[in-house]
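Visitor: I am new to this structure and would like to learn how to read it, feature by feature. Could you take me through it slowly?

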Amino acid sequence: MIEIDLARSSVRGLNERLHRLAPGTNEHYWRVLNPNGAHAIAVGITEPIHVEIKGHVGYYCAGMNAAATIVVDGHAGTGLAENIMSGLVRVNGNASQSAAASGRGGLVVVQGDASARCGISMKGVSIVVGGSAGHMSAFMGQAGTLVVCGDAGHDLGDSIYEAEIYVAGSVASLGADCVEKEMTQADIQRVAALLDRAAIATKATCFRHYGSARRLYNFHIDHAAEY
Amino acid sequence: MTAPPLRHSAAFSREVIAEIERAADEGLYQIRGFGTLRRLPSFDDLVLLGASISRYPLEGYRERSATNVTLGTRFAQKPIELKIPITISGMSFGALGGNAKRALGRGASAVGTSTTTGDGGMSEEERAESTILVYQVLPSRYGFDPSHLRACEAIEIVIGQGAKPGGGGMLLGQKITERVAQMRTLPAGIDQRSACRHPDWTGPDDLTIKIQELREATDWEKPVFVKIGSARPRYDVQLAVKAGADVIVLDGMQGGTGATQDVFIEHAGIPTLPALRQAVEALQELGQHRKVQLIISGGIRSGADVAKALAMGADAVSIGTAALIALGCNRRIHVEDYHALGTEPGACHHCHTGRCPVGITTQDPVLESRLEVKEGARRVRNFLTVLTMEAQTLARACGKSHLHNLEPEDLAALTVEAAAMAGVPLVGTDWIPGRNAY
């Protein structure tokens with residue numbers, strides 16, 4: 001276990017060391033102390049290492065992550081794991097807006113609540129929110145899966161493409177072109193598998209399924225009011 | 001007795017009547033490519049004064065007028081060095097075909113300058129051909145890949161473009177082929193609407209942190225450009241500088257686009273001429289002129305435009321439409337295909353259709369095969385060389401041993417409007433409207 005105390009060293013120094021790791025490194029376990037809300041902690045990692053961050057983090061923690069497992073024991077600021085490519089990012093607290101924005105792969109778990117625009121323009125990432133998600137979550141979601149165990153705010157899935165959304169609680173409102181869909185056995189299995197990977201104990205059968213009506217895929221005058 | 005001449009309304013001209021009829025018929029705004037078609041104040045309204053008794057000129061074929069420019073000297077560990085101050089602007093693979101991206105890259109690299117990716121990510125073609133490649137971070141984040149971020153020479157955060165400041169990209173379904181769709185994680189054949197706002201930041205304070213993240217992800221090596229459409233350049237430039245930009249890319253109203261609403265192209269933003277002056281003044285106010293480099297784009301067509309832009313204070317220019325025209329855009333070949341689009345060579349702005357008669361703005365393999373990469377690269381290289389030599393000709397005539405030694409004092413304006421916008425005197429006077437108590 002390599003321990004980095006950000007009270008005594010810089011984010012720059014931490015990221016530089018993480019980026020210098022060679023493929024197959026044996027420096028596998030990292031612990032970061034006293035993050036104190038600093039921004040851009042553990043961004044751009046490319047190796048399958050394990051990073052524990054003991055405290056709250058600022059913007060863009062674990063941004064562009066590939067392969068690594070990053071666990072935040074605290075709350076996370078804006079843009080948690082934005083553009084994640086693969087690996088796992090877990091926050092054992094709440095996450096601010098735009099969590100997993102544009103994520104292309106991997107799994108992002110927010111144990112508590114996620115704020116607005118969770119999963120905005122998601123492109124393949126899987127997201128599990130243990131609590132509730134704010135307004136415009138999965139806005140323009142292109143691919144991937146958003147699972148919300150609590151409630152979802154207004155305009156869920158606005159202008160959504162092919163992302164899939166599952167919500168256990170209430171939905172304040174659906175955004176343009178987002179509709180409720182049938183919860184099939186395959187959907188239940190998909191949600192159950194994600195809940196299992198996220199280690200969140202909620203029954204997959206109590207979710208409802210939302211996705212694109214695909215009415216806005218091509219410009220048409222009859223849908224002008226929705227643009 | 002002959003019939004009196006017919007009178008036509010100025011307000012409801014034939015073009016206006018035709019557009020109203022089209023709108024009533026189709027029920028959808030007009031979408032097109034290219035840039036503004038209207039006459040705007042431009043670099044044509046300025047002249048360079050040249051040397052005489054009070055200034056020494058340089059010998060045209062003997063004395064050097066250097067052209068190199070370094071971009072990203074503020075914070076980046078590895079600034080980029082261009083041999084000429086003319087770059088190729090961001091144009092997406094998707095809007096452009098692979099052969100066009102390849103030819104632009106090869107032509108630009110031959111003269112030591114950069115090309116830029118675009119909405120949709122980095123294509124293999126352009127990475128292979130461009131020695132210096134600027135990787136755009138756009139609101140859509142289509143195809144954004146951190147490995148590409150690490151593979152580029154500079155990063156450009158796109159906030160807007162001159163053709164549509166405040167608007168996102170657009171690529172109609174006929175250009176969303178399987179490959180384009182896969183790169184953008186979209187269903188093939190849809191009319192793609194790019195976001196106009198970034199998904200993970202809002203406002204200048206967030207932008208500061210976003211730039212920090214990009215620098216951290218790339219170990220502070222690469223210059224970070226911030227590209228803005230010309231709307232309020234005085235404020236936007238200063239906010240971008242405050243946010244930590246190494247380079248500002250300012251795209252004027254004459255900048256082109258692959259597709260957007262005609263009303264957007266013609267009625268939003270301000271022309272390149274006043275935008276450039278305001279941007280330079282904004283940098284000067286902060287004491288950052290020549291420290292944060294300024295690239296201006298939007299309607300740059302000739303070496304004269306390059307020289308005038310640099311004289312007004314730009315460090316470099318960027319070209320898009322002119323580079324495509326050098327490649328063959330609007331060339332008088334395959335005329336029947338222009339006619340099929342309802343247009344003709346010289347008036348084509350049908351990039352959005354994907355049926356580009358010369359094989360540039362298309363994903364159709366048959367059409368694209370009309371653009372031969374080697375010949376296209378030769379034409380791009382030639383054009384960039386001519387622009388550079390023309391700018392050098394004018395710089396030498398003004399007595400400048402480097403293009404960057406051109407200055408506003410070398411300029412005069414042919415119209416009152418251009419004098420006010422560019423902040424240089426009206427020819428034959430010392431008058432700059434808006435200054436000196438006038």
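Guide: Let us begin with secondary structure, where helices (H or I, at least four residues) and strands (E, at least two) are DSSP runs, numbered from the N terminus. By that reading, chain A has two helices and 11 strands, and from the N terminus on its elements follow the order β-α-β-β-β-β-β-β-β-β-β-α-β. Please keep in mind that this is a predicted model, in which local features need pLDDT of at least 70 and side-chain atom pairs count only at pLDDT 80 or more, while totals for chains, interfaces and linings use all residues. Residues are numbered from 1 along each chain as its sequence is written, and chains are lettered from A and ligands numbered from 1 in the order in which they are written.

Visitor: What is the radius of gyration of chain A, and what does the globule rule give?

Guide: The radius of gyration is taken over C-alpha atoms, and the globule rule is 2.2 Å times the number of residues to the power 0.38. For the 227 residues of chain A the rule gives 17 Å and the radius of gyration is 18 Å, which is close, so chain A is as compact as a globular protein of that length. Along the principal axes, its C-alpha atoms fill a box of roughly 60 × 35 × 30 Å.

Visitor: How many residues of chain B are in contact with chain A?

Guide: Two residues are in contact if their C-beta atoms, placed from the backbone, lie within 7 Å. Here 21 residues of chain B are in contact with 36 residues of chain A. Helix α6 (residues 203-217) of chain B supplies the largest share of the side of chain B that touches chain A, namely five residues. For classes, Ala, Val, Leu, Ile, Met, Phe, Trp, Tyr, Cys and Pro count as nonpolar, Asp, Glu, Lys and Arg as charged, and the others, Gly among them, as polar; that side of chain B then has 10 nonpolar, five polar and six charged residues.

Visitor: At what angle do the axes of α6(B) and helix α7 of chain B cross?

Guide: Axes are lines fitted to C-alpha atoms, for helices over the stretch in contact, and angles run from 0 to 180 degrees between N-to-C directions. The axes of α6(B) and helix α7 (residues 233-243) of chain B come within 8 Å and cross at roughly 40°. Angles under 35 degrees count as roughly parallel, over 145 as roughly antiparallel, 65 to 115 as roughly perpendicular and the rest as oblique, and α6(B) is therefore oblique to α7(B). In this contact B:Pro204, B:Leu207, B:Thr208 and B:Ile211 of α6(B) meet B:Leu239, B:Lys242 and B:Ala243 of α7(B).

Visitor: Why is helix α10 of chain B described as largely enclosed?

Guide: A residue is buried if 20 or more other C-beta atoms lie within 10 Å of its own, exposed if 12 or fewer, and partly exposed in between, with C-beta atoms placed from the backbone. Eight of the nine residues of helix α10 (residues 303-311) of chain B are buried, so this helix is largely enclosed by the rest of the structure; among them are B:Asp305 and B:Lys308. Just after α10(B), B:Gly313 takes a positive phi of about 125°.

Visitor: Which angle does α10(B) make with α14(B)?

Guide: These two helices pack at an angle of about 55°, with their axes 7 Å apart, and that makes α10(B) oblique to α14(B).
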